Amino acid sequence: MNMSPVIKQVRKIQWLMIKFFGLLVHYFSRIPDRNIGESSYVLGRGKSLEEFTKSDGLHVECFLANFTDETIDAMGFQNLLDKNLTIVSSYDEPILIKYLWYRLKIRNVYSVMFKENPDIWRGRRRGYGRLEIYGLKVLLLPPDLGSEFTAKLRNTGLIAIHLAASIHKKIFLYGFDFYESEYVCGPLTDNGLTEKQAQETRDIAPDLIKNFYKIVDYWPDVEFEISTYAALKDRRPNLIIHNHK
């Protein structure tokens with residue numbers, strides 16, 4: 001039996017449901033501030049995200065990299081209610097569901113692809129249809145990020161930092177421990193990874209740290225300030241490190 005027509009019909013129904021829920025989310029969401037601030041938070045999912053909840057919270061722009069409902073459960077949704085949120089995600093990562101009805105202020109939604117080079121993930125083409133559930137047009141990465149440089153980052157969190165630095169003059173980073181800590185919402189193995197997969201993920205930490213420094217060097221006129229459990233030892237004139245180990 002040829003299942004192709006059935007699969008196409010199911011996908012069409014899924015797409016219509018996403019569009020419908022996207023309209024509802026857009027209706028319930030609050031309008032972001034008109035002006036875009038010069039500084040921004042960029043939040044990852046590592047344990048150092050806890051430090052964000054202790055910060056002064058003065059900056060209103062905030063990028064979320066592959067955030068899940070569980071991430072927000074761990075940090076407290078009240079810490080995001082006054083922020084203009086930019087969501088950066090890859091298609092195969094979980095999306096927010098529970099907190100879409102909390103009247104968040106979503107400014108933009110980005111898929112980690114370029115219009116002129118949608119396959120920057122080297123053979124793993126990523127769609128972005130379900131990201132439309134956030135009720136906004138899904139944006140692709142701007143050309144000034146450089147598709148070749150960005151492809152080498154190979155990590156949505158790093159791409160979110162890179163994107164934020166193209167827009168803002170000062171970047172505050174929390175939750176970027178480069179797998180030298182567990183997730184803020186629990187161990188890697190509690191987030192769908194086997195122990196072997198978790199160890200393979202931890203093993204790429206040195207490469208992620210190298211790529212982080214490459215981003216800092218790529219934007220010499222942008223100030224970066226990071227709170228992290230990662231062992232960041234190299235210094236840069238435009239980088240302030242708060243290490244919590």
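Two strands are taken to pair if DSSP finds at least two bridges between them, and helices (H or I, at least four residues) and strands (E, at least two) are DSSP runs numbered from the N terminus. This is a predicted model, in which local features need pLDDT of at least 70 and side-chain atom pairs count only at pLDDT 80 or more, while totals for chains, interfaces and linings use all residues. Residues are numbered from 1 along each chain as its sequence is written, and side-chain values use heavy atoms, with hydrogens and water left out.

Eight strands, in the order E5-E4-E3-E2-E1-E6-E7-E8, make up an open sheet with parallel pairing. Its edge strands, E5 (138-141) and E8 (239-243), each pair on one side only. Within the sheet, E2 (residues 61-65) and E3 (residues 84-89) pair in the parallel sense over five bridges, and Val88 in E3 is the bridge partner of Ala65.

| Helix | Residues | Angle |
|---|---|---|
| H4 | 156-165 | about 155 degrees to E2 |
| H6 | 205-218 | about 145 degrees to E8 |

A nonpolar core is a set of buried Ala, Val, Leu, Ile, Met, Phe, Trp, Tyr and Cys residues joined through side-chain atoms within 4.5 Å, where buried means under 20% relative accessible area (1.4 Å probe, protein chains only). In the largest such core, of 35 residues, Phe178, Phe212 and Phe224 touch the most other members. H4 gives the most to this core, with seven residues.

Definitions and conventions:
Contact means heavy atoms within 4.5 Å. Axes are lines fitted to C-alpha atoms, for helices over the stretch in contact, and angles run from 0 to 180 degrees between N-to-C directions. Buried means under 20% relative accessible area, exposed over 50%, partly exposed in between (1.4 Å probe, protein chains only).
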